[in-house]
Structure formats: structure tokens, C-alpha cells
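Dear colleague,

I am passing on the structure below, together with some notes on what turned up in it. Please read the notes with the model open beside you.

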Amino acid sequence: IFIHEGWATGKTTLKAVKNDPDSMVLVAWNAGQIKNIVDVYLKKYPEANIIEVADNDCKSFFNMNKKSEQDLERVKNTGLQAALEAYALNKEDQHRIGILVPRINYKTYSADKDLSDFNDIEMKFGQNKAIEELGIELTKLYERKQAKIPESDRIVKLYNEQAQHYSDKHGLEVRGIDNEGSLSTVKITPKNPPAPKEPEITIE
């Protein structure tokens with residue numbers, strides 16, 4: 001059972017699995033509903049595996065230097081947080097939950113700023129490329145399951161690496177994430193904060 005935040009991403013996945021009679025494609029319509037949909041379908045289909053097809057919202061970190069100090073407190077990668085929160089809330093069934101994340105290079109995001117999900121990949125690079133990327137991520141998911149690697153480890157690492165990268169880039173503090181999908185109370189700080197600007201000197 002594939003669960004998506006938005007309709008367009010679900011449509012992309014449907015093209016990839018349309019010939020598989022055992023697959024089901026669902027849309028939550030917004031990030032906040034994903035945990036509820038995951039919970040419902042884990043109970044409704046106790047033998048099924050759930051795959052969250054997450055958005056990778058690097059854009060929030062990329063643009064965080066444009067936020068006010070108050071808004072900076074709420075900066076987050078919504079797609080990754082929502083997927084992790086749904087995973088964390090179902091501890092007894094985590095072996096049945098997988099998380100797919102589109103491969104977006106957050107370090108060069110300025111060149112790929114239109115990308116956040118698999119549908120964006122389809123729109124920019126074509127259907128075959130999107131299906132190929134989904135296949136790559138499904139293979140990696142299978143390998144993680146075989147090795148019994150928790151999905152939370154990977155998502156927390158990816159989220160906090162993104163936060164650290166843009167904290168360093170912008171010289172700003174930002175909140176990381178923990179294994180429960182909650183924003184951390186301990187902020188990520190720039191490793192190499194920019195030097196203070198020299199005062200301007202006016203020559204009369």
C-alpha cells in the first residue's frame with residue numbers, strides 16, 4: 001500500500017505499479033493526515049506492507065534566510081517530518097512500514113529548486129525517469145528491510161544533514177528532528193558561523 005502526501009505524486013506512483021494487482025495507491029491530501037492514513041490501513045490490512053512515498057521539502061531550509069526570527073522557529077522539512085512521525089507512532093508495526101524519499105541533492109538545491117517529490121521528477125525529467133527513481137528507492141528499501149535497518153535512522157540522518165548544511169550556509173540556527181518525528185528542542189547551530197561584518201566607515 002503506497003501512501004502519498006499529494007495527488008500528483010500518487011498519480012506518478014500509480015503509473016509505476018499499475019500492472020501489479022496487489023498494489024494500492026492512496027493519497028492523504030496533506031502532510032498532517034499521513035499518520036492517520038498509515039494507522040488506519042495498518043489495521044485494515046494486517047498482512048499488508050505500507051510504503052510512505054514522502055516529499056523531500058529541502059526548499060524550507062534553502063529559503064530560511066528569508067524568514068523572520070519568529071518564523072525561523074517553524075522552519076522544517078515537512079515531508080520528511082510527516083513520514084517519520086507516522087513511522088514513529090506505529091512502533092509495533094514498524095517492520096511493515098517503509099519510507100521512499102526522492103533523491104534530491106540538497107547541497108545543489110538552487111539548481112533543482114523545483115524538485116520535492118517523484119511527480120516533480122516526472123515533470124522535469126519524464127515518466128520513465130520517475131519510474132526508474134521509484135524502482136531504485138524500492139530496491140534500497142528491500143535491502144534495508146533484509147538488513148533490519150530502521151527507517152527512522154535514515155530519515156533522521158537525512159533531515160539533520162540538510163538542517164546542518166543550511167545552518168552553515170546561512171549562519172542561522174534551526175531545529176533538527178528526533179526519532180519520534182518531533183522537532184528537537186536543541187537547535188542545530190552553524191559549525192563555522194560567518195565573521196561579523198566590519199563597521200562601515202564614512203569618509204566626509
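Leaving aside its neighbours within four places in sequence, which residues is Phe61 in contact with? Before the answer, a word on the basis: this is a predicted model, in which local features need pLDDT of at least 70 and side-chain atom pairs count only at pLDDT 80 or more, while totals for chains, interfaces and linings use all residues. Residues are numbered from 1 along each chain as its sequence is written, and side-chain values use heavy atoms, with hydrogens and water left out.

The partners of Phe61, taking contact as heavy atoms within 4.5 Å, are Val75, Lys76, Asn77, Tyr159, Gln162, Ala163, Tyr166, His170 and Val174. Phe61 is also, with Val38 and Ile50, one of the residues with the most contacts inside the largest nonpolar core, which has 52 residues. Such a core is a set of buried Ala, Val, Leu, Ile, Met, Phe, Trp, Tyr and Cys residues joined through side-chain atoms within 4.5 Å; buried means under 20% relative accessible area, exposed over 50%, and partly exposed in between (1.4 Å probe, protein chains only). In soluble globular proteins, nonpolar side chains tend to be buried together.

Aromatic pairs come next. Rings of Phe, Tyr and Trp (its six-membered ring) pair if their centres lie within 6.5 Å, and planes under 30 degrees apart count as stacked, over 60 as edge-to-face and the rest as tilted. By this rule there are three aromatic pairs. In one of them the ring centres of Tyr41 and Tyr45 are 6.0 Å apart and the planes lie at 15°, so this pair is stacked; Tyr41 is buried at 17% relative accessible area, whereas Tyr45, at 31%, is partly exposed. Phe62 and Tyr166 form an edge-to-face pair, with 6.1 Å from centre to centre and 85° between the planes. Because Phe62 lies in helix α3 (residues 59–62) and Tyr166 in helix α8 (residues 151–170), that pair ties together parts 104 residues apart in sequence. Tyr166 is buried, with a relative accessible area of 2%. Helices (H or I, at least four residues) and strands (E, at least two) are DSSP runs, numbered from the N terminus.

Helix α6 (residues 118–125) has Phe118, Asn119, Asp120, Ile121 and Glu122 buried, and these residues pack against α1 (7–17), β3 (50–53), β4 (97–100) and α7 (127–147). Thr12, which is found in helix α1, is buried at 1% relative accessibility and touches Phe118, Asn119, Glu122, Ala130 and Leu134, not counting residues up to four places away in sequence. At the start of α6, a side-chain oxygen of Asp117 reaches to within 3.0 Å of the backbone nitrogen of Asn119, and the helix is followed by Gly126, whose phi is positive, near 105°.

Most residues other than glycine have a negative phi.

Finally, strands β5 (residues 174–177) and β6 (residues 183–188) run antiparallel and are joined by three bridges, where two strands pair if DSSP finds at least two bridges between them. Arg175 has Lys187 in β6 as its bridge partner, and in the hairpin, with five residues between the strands, Gly181 takes a positive phi near 85°.

With best wishes

Note on methods: A polar contact is a pair of N or O atoms within 3.5 Å; within protein, one must be able to donate a hydrogen and the other to accept it, and residues adjacent in sequence count only if both atoms are side-chain atoms.
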